[in-house]
There are 2 protein chains.
Amino acid sequence: MASMLLSRQLTCCLQQNSRLLVFGHRYISQAAAKIDVDFDYDGPLMKTEVPGPRSRELMKKLNGIQNAEAVHFFCNYEESRGNYLVDVDGNRMLDLYSQISSIPIAKLCQSKEMSVPQLPTTVLCCALHPDRLQKDKERRGYSHPSLIKLLQQPQNLSTFINRPALGILPPENFTEKLKESLLSVAPKGLSQVMTMSCGSCSNENAFKAIFMWYRNKERGHNNVTKEELESCMINQPPGCPDYAMLSFMGGFHGRTLGCLATTHSKAIHKLDIPSLDWPIAPFPRLKYPLEDFVKENQQEEARCLEEVEDLIVKYRKKKKIVAGIIVEPIQSEGGDNHASDDFFRKLRDIARKHGCAFLVDEVQTGGGCTGKFWAHEHWGLDDPADVVTFSKKMMTGGFFHKEEFRPNAPYRIFNTWLGDPSKNLMLAEVIKVIKTEDLLNNATHAGKALLTGLLDLQARYPHLISRVRGRGTFCSFDTPNDATRNKLITIARNKGVVLGGCGDRSIRFRPTLIFKDHHAHLFLNIFSDILANFK
Amino acid sequence: MASMLLSRQLTCCLQQNSRLLVFGHRYISQAAAKIDVDFDYDGPLMKTEVPGPRSRELMKKLNGIQNAEAVHFFCNYEESRGNYLVDVDGNRMLDLYSQISSIPIAKLCQSKEMSVPQLPTTVLCCALHPDRLQKDKERRGYSHPSLIKLLQQPQNLSTFINRPALGILPPENFTEKLKESLLSVAPKGLSQVMTMSCGSCSNENAFKAIFMWYRNKERGHNNVTKEELESCMINQPPGCPDYAMLSFMGGFHGRTLGCLATTHSKAIHKLDIPSLDWPIAPFPRLKYPLEDFVKENQQEEARCLEEVEDLIVKYRKKKKIVAGIIVEPIQSEGGDNHASDDFFRKLRDIARKHGCAFLVDEVQTGGGCTGKFWAHEHWGLDDPADVVTFSKKMMTGGFFHKEEFRPNAPYRIFNTWLGDPSKNLMLAEVIKVIKTEDLLNNATHAGKALLTGLLDLQARYPHLISRVRGRGTFCSFDTPNDATRNKLITIARNKGVVLGGCGDRSIRFRPTLIFKDHHAHLFLNIFSDILANFK
C-alpha cells in the first residue's frame, strides 16, 4: 500500500489548517485529519476571490482570440499537486471536478514516493540540472525507479517522440502497449479495441462499426451491390442506409453531428445544428431515497423500457432501422441520472431481442471512479455489451467491441492518427498504479465516506440538498434550482473547493482516483459551513 | 541557414550509395549527391522485402485485437531520422508520405545542430544519464540551447505535465502559446482560433460555428424562441434547422458523420453509414498539360461553378438552406485534384453572393508544403475565407475564423479537451524552425526539382505517368489504373521509397518540410529505374 512507502508522515489536524473551518459544528469524524503533507497539500489556501485579478486579466486576453466566457479561472499547473488545483492568483483549491472528470490519478500524483501518470513531468524534471532534479525530488518525490527505467528503454522513448499514423505505420510496441493498457482492463467479452483521439470520435466510430455490422447482417452472404457503392457516394440509400441509433433524453454522447443526434442534455449543445430523426426514449427519473420508492421507481423504469421497444417498432415501420442503442451507465452531463442495474439488464435484453447493438458509453463513468473499472460491470450482465466507448480518464479515446463488430475490411474505421501512442504508454502506467494502489477499492471507500456525509447534510439541509445519489466517488445531489446551484458552486470555489454542475440543478463530484476519505471529510466540513451560512 | 550551422559536411556521391541505382541512365543532375550524412541518412538501405518477417509477425499479433489489414509495416521510430523511416526489419526508406502528410518537419529533424519538433525526444534523451545524453548529442545532436531553456521554464514544463480542460481551466500561458503558434501564421483576416483534437473534430466544429452564424443572421435581433429550445432537444426544426454544407464530389473532409456527409472520395469511407441530404457539386476535372487545355479547363471550371449556384438555389427551394461551402485547395484523398486560383476566387464570390460561409479545409494542404503556409494564400482572395480548418502538420486540430463567426455564448463550441496544449507548445517551436530555416521557400524549391523530374519521367514513360501536377512539394501524377499504381507503390517501397496513393489511380507526394532538392533527385533516380524496368 502507498502509505507503507511514505518516507514520513505528518499528522496534523484540520483545525490547525484553515480559516475555512471556523463556521459550523464539526460533525465529521476527525479521522479525516490524518494527511500526508509531505506529498499532498494540507488543505485549501485562498488568497483572492476566484477568478482573481490575474485570471481576469488572462481571460480578457484569451477573449480577444476566442469566446472565453466558459473559463472558470487560469491554472498554475506547476504548483498544482495531488487533489489540489492552484490558480494563477495563488489560490489552492481542493479539486472535486478534475478537469471535467478527465484526470485519472492526479495532476501531480503524490500518493507515494512518486507515481506515474505525470510521465512528462518526470521527464521534464529529469531534464533539468541534477541539482534541480534533486531539489524536485525532495520537494515532490519525482523519482520512481520504474519510471526512470521506462524512460531509458529506447522502444518507449520513441513512442513519445513521433506521432505516427497508427493505422498504417504503428510503432513496434503498439500491440504490446495496448495489451498492457486498454486490453488489461477490457470489459468481459470484448476482445477488440480501437483507439481514437477523443470521446466524440470514439462514439462516432462506434456508431459506424455498429452500422456496418448491422448492414452486413442484413446483407448476409450477398456482395455489396454497384448501386450501394454508387449511391453512398452521394449520401443516398441503399449505400447510406436509413439507420439510426436510439438514445435517451438527458443523455450526452458528444458534440460532433452524429454524436449530437444522440445527445439530449442541454439545448445550448444542440441549438441551430441540423440533426437526424433518430428515436429518443425517456430515461427513468428515479425518486429518492430509493428505499422509499421501490414500486414507483420500478414502474418508472418499466415505462421507459416499454417506450424503447415501442420506438424501435415505430421507427422500423417508417423504414428507419434502429441499428443500436446507446446509453450511459449514469447520465452525467444530463444531471447524474441513475437507473437500477435491473433496468440496464432489461435494456440489454431488449437490444438483443430486436437485433440492435448495445453500446455503453463509458466516456465519463469509465476508469474506476464508480468502484469498478467500468461502471457497467455493476450490472452483472450475462451477455456483455456489444461496444463500450471510453475517453477522459483513459487518456486516449477509443472503443472496445465484440469480435463480430470488427470491420470486415481495412480503412473502414480509420483516420490519420487513430489516437496517440504516447497516451497508451502513459495509460499503461496509470493502470499499473490503479492496480498496485488498489484504487478501485479506494473509490468505493472514499465514495462511501462522501455519500454518507452528503446524506447527513441532506438530512440537515433538506431545503438545499435533495436526491443525494452516487456510486463510488461518482456522487451528486440536487439543489432547488439553477440559481442556487450556481451560487453554491461559486461560494464553494471561494472557500477553496472546485465543484462541477450538471443537468439543470445538480452538483456532481468527479474527483481523481486518489481522492481519499480525508479529502471527503475536508470537503464535507467546508460545505457544511457553507450550507449553515447560505442565504 | 541550416547548412552554415552544420558541424561538418560530407560529400558523397549517390553512385557510391546503393545497389538501388544500378539500373537506368542517370539523367538527374548529380548536384543531388551532396548530402549531410552527419544528420541525415545518406540513402535507403533495404534488408528484406517490406513488410519483412518481423513486421508480418507484429501484424499478425495486432490483427488479433483489431483489423490490421491497412498496416503497411511496423516502424522503428527510434532509428528513423530526417527524411528516412526505418522499419522493424531494419529497412531504411526515404519517406515521401510522412505519416499521411502529418509530420511537419521530420520524425527526427536533423537539419541543423538540433531542431525542435521532436521536443519529447529531447526531453526524454535529456532525462537519461549525462553520459548517454552526451552520446546522443554526438550521435544525433539533441541539444539546442533554446530547447533546454524552454524545458527549464516552469510555465512550459507544466504544459507538458497536465492535460487540462482548456475551455474552462486553461494554463497560464495558453493565450501566449496560441499567439506564438497558430496566430503567428493565421490566414489574413482571421483573428479567431479554436483548437481541437483532430481534423474531423475541426471540420465538425467549423460546421457548427457556421450553422450558428447562419441562424443568428436569420434570427436578427429576435431572441431564441421557446419552440427552438424545445425542438432542438428532440433533433427537430426549428431548433435543429434544415441547414446543409455544400461539398464537392471527390472531396475528403473527415469520417465522423457530419464530415462524412461532405466526404465523397471513396465508397469504402461511406458505405453503410447513414448520411444527410446535402448538396454535392462536381469538382473540375482538369486536363493536362494545363497550357494545352486552357479553354477546355476554363469551360470545365465554369460548368462546376454554375452547378454550385444551381444547387444552392435548388436546395433552398426545397427548404434546405446551404449555410456554407466547404472545399479543399487541392482535393487530396480524392486524387490530388487541382483547380485554378481563378476557380476558387469565383467560388468565394458565389458563397458571398448567396450568403453562405466559405470554409477552406487545409487539414492536408496547410502547414507550408505548397510553398505558402496555407495553400489558399496562392489564390489572392480579396475577401478572406470565413473559416479555415487545420490538423496534421499543425500537430493540433482546430480552425481559424472571422470575428463574425464567433459563438455568441460560452459552451456552444466546446468539448472536454479542446485540443492539447502540449501540441501548441511544440507547434510554436516548429513554426519558429519553419521561419528560421526558410522552409516555405525550401518547399517551393524542392517541389520544383520534384515536379521537373516528374515531368521528365512523364515524357519518357507516358504509358505509366500522366497528369503530373503539383504545388510546392505537394505533387502527384496518375498511373493507368489502380493495379499499376499499387504495384508501383509496392516496388518503390521495396526499393526504399515510401509513397502514398490517392484517388483511384494517383500517386501523391507528401514529404516533410525538410525534404530538399537532393532527396527529390534521389527519389527520381530510383523511380526512373523502376519505370525503366516496369513490366
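Because the model is predicted, local features need pLDDT of at least 70 and side-chain atom pairs count only at pLDDT 80 or more, while totals for chains, interfaces and linings use all residues. Residues are numbered from 1 along each chain as its sequence is written, chains are lettered from A and ligands numbered from 1 in the order in which they are written, and side-chain values use heavy atoms, with hydrogens and water left out.

Chain A has 19 helices and 14 strands; these are DSSP runs (helices H or I, at least four residues; strands E, at least two), numbered from the N terminus. Of its 535 residues, 68% are buried, where buried means under 20% relative accessible area, exposed over 50%, and partly exposed in between (1.4 Å probe, protein chains only). The accessible surface of chain A is about 18,200 Å², and carbon and sulfur atoms hold 53% of that surface. Accessible areas come from the Shrake-Rupley method with a 1.4 Å probe, and for residues only the protein chains shown count as cover. Among contacts in chain A with a separation of 6 or more, 73% join residues 24 or more positions apart; a contact means heavy atoms within 4.5 Å.

The contact between the chains takes 124 residues from chain A and 123 residues from chain B. About 11,500 Å² is buried between chain A and chain B, with 62% given by carbon and sulfur atoms; buried area is the accessible area (1.4 Å probe) that two parts lose on being put together, summed over both. Between the two chains there are 58 residue pairs in polar contact, both residues at pLDDT 80 or more. A polar contact is a pair of N or O atoms within 3.5 Å; within protein, one must be able to donate a hydrogen and the other to accept it, and residues adjacent in sequence count only if both atoms are side-chain atoms. Helix H10 (residues 199–219) of chain A gives the most to the side of chain A that touches chain B, with eight residues. By class, that side has 68 nonpolar, 32 polar and 24 charged residues. Ala, Val, Leu, Ile, Met, Phe, Trp, Tyr, Cys and Pro count as nonpolar, Asp, Glu, Lys and Arg as charged, and the others, Gly among them, as polar.

Salt bridges come next. Side chains of opposite charge can pair when their charged atoms come close. The criterion is a side-chain nitrogen of Lys or Arg within 4 Å of a carboxyl oxygen of Asp or Glu. Eight salt bridges are counted between chain A and chain B. One salt bridge joins Lys423(A) and Asp420(B), with the closest N and O atoms 2.9 Å apart. A network of salt bridges links Arg215(A), Glu218(A), Arg219(A), Glu228(A), Arg412(A) and Asp272(B).

Over all chains, the structure holds 70 salt bridges. In the one between Asp478(A) and Arg285(A), the closest N and O atoms are 3.8 Å apart. Asp478(A) lies in strand S11 (residues 474–478) and Arg285(A) in the loop between strand S5 (280–281) and helix H14 (294–317), so the pair ties together parts of chain A that are 193 residues apart in sequence. Asp478(A) is buried at 3% relative accessible area, whereas Arg285(A) is partly exposed at 48%.
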